[in-house]
Amino acid sequence: EGSFHEERKEGGSEHRNAEIEDYQGAIGQITEAGGWVIRLGDRRMKRLPPGLEGVIDYPYTHFKSERMDTFLLARSRFIIGTTSGLTTAALSFGTPALLVNTISNDWQLWSGDTDFMPKKLYDRRLKRNLTFRETYTTATRDILINRDIMNRRGLVPVANSRDEITEAVRWKLDGVLGDGKGEADWNETEKRYRQAMSSEPYMFGAARPVPTLLLRNQDLL
């Protein structure tokens, strides 16, 4: 959310934020598998709904501190984040990550333990979503940092849906728990993704896109 940096509504960075309500299905995937979800952030964010089993809305507890923030980022089985400073801090500890609702104007030094799902980019002039190749050309990616410039160019970021986020978490859980489910789906889509990103092969470091996103959105390739 934009509260940490006191961003104004519809400000230039608002398109980098996400709605916590869209993550409730993902939270359920983790708790049903026996895990715990600890939500990081600050007290100005929306609270999670009360009574969620296996969930700690940590910013509102007396345990909240910079030291505990660091401990949680370093010791979690994996984190769910966006393209934010908090994510970068976790990756510096080598913590596996699932990054959803990502949108970036720069190359990301993400590790091989990182799976990501970018926001789609709708072009009002073309009346369709841009492909990976179109989105990450130099001319387009350089304006992804600023919502106002994107708007003037007719580009609208589209947040990941609840179903997409839930499926992405299921994919990550299978990998973390060693189930290996879905690898066939990734193998089938990897070649097309690599071809689409051949002009910018290191754009996302060693990370790989969540296969379910590509299977749902063949037009991105």
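In which strand is Asn101 found? Asn101 is found in strand E4, where strands (E, at least two residues) and helices (H or I, at least four) are DSSP runs numbered from the N terminus. This is a predicted model, in which local features need pLDDT of at least 70 and side-chain atom pairs count only at pLDDT 80 or more, while totals for chains, interfaces and linings use all residues. Residues are numbered from 1 along each chain as its sequence is written, and side-chain values use heavy atoms, with hydrogens and water left out.

**Backbone angles**

- Most residues other than glycine have a negative phi.
- Asn101 is not a glycine, yet its phi is positive, near 55°.
- Asn101 is buried, with a relative accessible area of 1%; buried means under 20%, exposed over 50% and partly exposed in between, using a 1.4 Å probe and protein chains only.
- Lys127 also is not a glycine and has a positive phi of about 60°.
- Lys127 is found in the loop between strand E6 (120-123) and strand E7 (128-129), and is exposed at 67% relative accessible area.

**Helix H7**

- Helix H7 covers residues 162-176, and its 15 residues should span 21 Å at 1.5 Å a residue, which agrees with the 21 Å between its end C-alpha atoms. The expected span is 1.5 Å times one less than the number of residues.
- Buried residues of H7 include Glu164, Lys172 and Asp174, as well as Ile165, Val169, Trp171 and Leu173.

**Largest pocket**

- The largest pocket has a volume of about 1600 Å³. On a 1 Å grid over the protein atoms alone, a pocket is an open set of points where a 1.4 Å probe fits, with protein on both sides within 12 Å along at least five of seven lines; lining residues have an atom within 4 Å of a point. The volume is the space filled by probe spheres set on the points, which are joined across faces, edges and corners.
- The lining of the largest pocket has 46 residues, and Leu40, Gly41, Ile80, Gly81 and Leu86 lie nearest the centre.
- Elements that each supply at least two lining residues include helix H1 (24-32), helix H2 (66-75), strand E3 (79-81) and H7.
- By class, the lining divides into 23 nonpolar, 14 polar and nine charged residues. Ala, Val, Leu, Ile, Met, Phe, Trp, Tyr, Cys and Pro count as nonpolar, Asp, Glu, Lys and Arg as charged, and the others, Gly among them, as polar.

**Aromatic pairs**

- The structure holds six aromatic pairs, meaning Phe, Tyr or Trp (six-membered) rings with centres within 6.5 Å; planes under 30 degrees apart count as stacked, over 60 as edge-to-face and the rest as tilted.
- Phe132 and Tyr193 form an edge-to-face pair, with ring centres 5.5 Å apart and planes at 80°.
- This pair links Phe132 in helix H4 (residues 132-135) to Tyr193 in helix H8 (residues 183-196), 61 residues apart.
- Phe132 is buried at 3% relative accessible area, and Tyr193 is buried at 2%.
- Trp110, Phe116, Phe132, Tyr136, Tyr193 and Phe204 form one aromatic cluster.

**Buried loop residues**

- Gln108 lies in the loop between strand E4 (97-102) and strand E5 (114-118), and is buried at 16%.
- Beyond four places in sequence, Gln108 is in contact (heavy atoms within 4.5 Å) with Thr83, Tyr202, Met203, Phe204 and Gly205.
- Thr95 is in the loop between H3 and E4, and is buried at 3%.
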